[in-house]
Amino acid sequence: MIRRQPVSATADHAEERTNPAARLGFQPGQVVQEIGYDEDVDQELREAIEEAVEGDLMDEEYDDVADAVVLWFRDDDGDLTDVLVDATTYIEEGGAILLLTPKTGRTGYVEPSDISEAATTAGLTASKSVSVGKDWSGSRLATPKAAKSGKR
């Protein structure tokens, strides 16, 4: 979750502009579960997230709730809506899913309209897509506030 902070010209704020994990809102102490890991993932982004949260990413076997989910998804990984619905069961109320998909022209590319449709069907709201590495784009997906209050 992104928390607003006062603006200053410190190195910490400069890092937020250059470090994709900081830009995406990852913060120290968060528990982040990773789903869809494979040899094609962006290792630099993974390391940046681990550095930002000051801990390891939890794997798919993690059986407690997380503050956020990092979901690597490729076009041939199955039904995106089903995967997103499953991912929502892993996150704490108010948590977010960072959906990572291959960029245009890369193997496994997912159309933005497919992401939007799957997110809406899964009850999530999507931010615009952002570049998070050489081969991957990210979309931050969140549970709408109305749905959060009835969850637990």
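The buried residues of helix H5 are covered by several elements, which include helix H4 (80-88), strand S3 (91-102), strand S4 (125-126) and strand S6 (136-142). Do keep in mind, as you look around, that this is a predicted model.

Which residues of H5 lie under that cover? In helix H5, spanning residues 112-121, the buried ones include Ile-115, Ala-118 and Ala-119. They share the same side of H5, because the arc they cover around the axis is only 100°. Turn to the other side of H5 and you will find Glu-117, Thr-120 and Thr-121, which are exposed. Just after H5 comes Gly-123, with a positive phi of about 80°.

| Element | Residues |
|---|---|
| Helix H4 | residues 80-88 |
| Strand S3 | residues 91-102 |
| Strand S4 | residues 125-126 |
| Strand S6 | residues 136-142 |

Now for the chain as a whole. It holds 6 helices and 6 strands, and reading along the sequence gives the pattern α-α-β-α-β-α-β-α-β-β-β-α. Of the 152 residues in the chain, 41% are buried.

How do the contacts in the chain span the sequence? If you take contacts between residues at least 6 apart in sequence, 71% of them join residues at least 24 apart. As for the surface, the chain exposes about 8,800 Å², and 48% of that area is supplied by carbon and sulfur atoms.

Key
Residues are numbered from 1 along each chain as its sequence is written. This is a predicted model: local features need pLDDT of at least 70, side-chain atom pairs count only at pLDDT 80 or more; totals for chains, interfaces and linings use all residues. Side-chain values use heavy atoms; hydrogens and water are left out. Helices (H or I, at least four residues) and strands (E, at least two) are DSSP runs, numbered from the N terminus. Buried means under 20% relative accessible area, exposed over 50%, partly exposed in between (1.4 Å probe, protein chains only). Contact means heavy atoms within 4.5 Å. Accessible areas come from the Shrake-Rupley method with a 1.4 Å probe; for residues, only the protein chains shown count as cover. The arc is that of the directions from the helix axis to the C-beta atoms.
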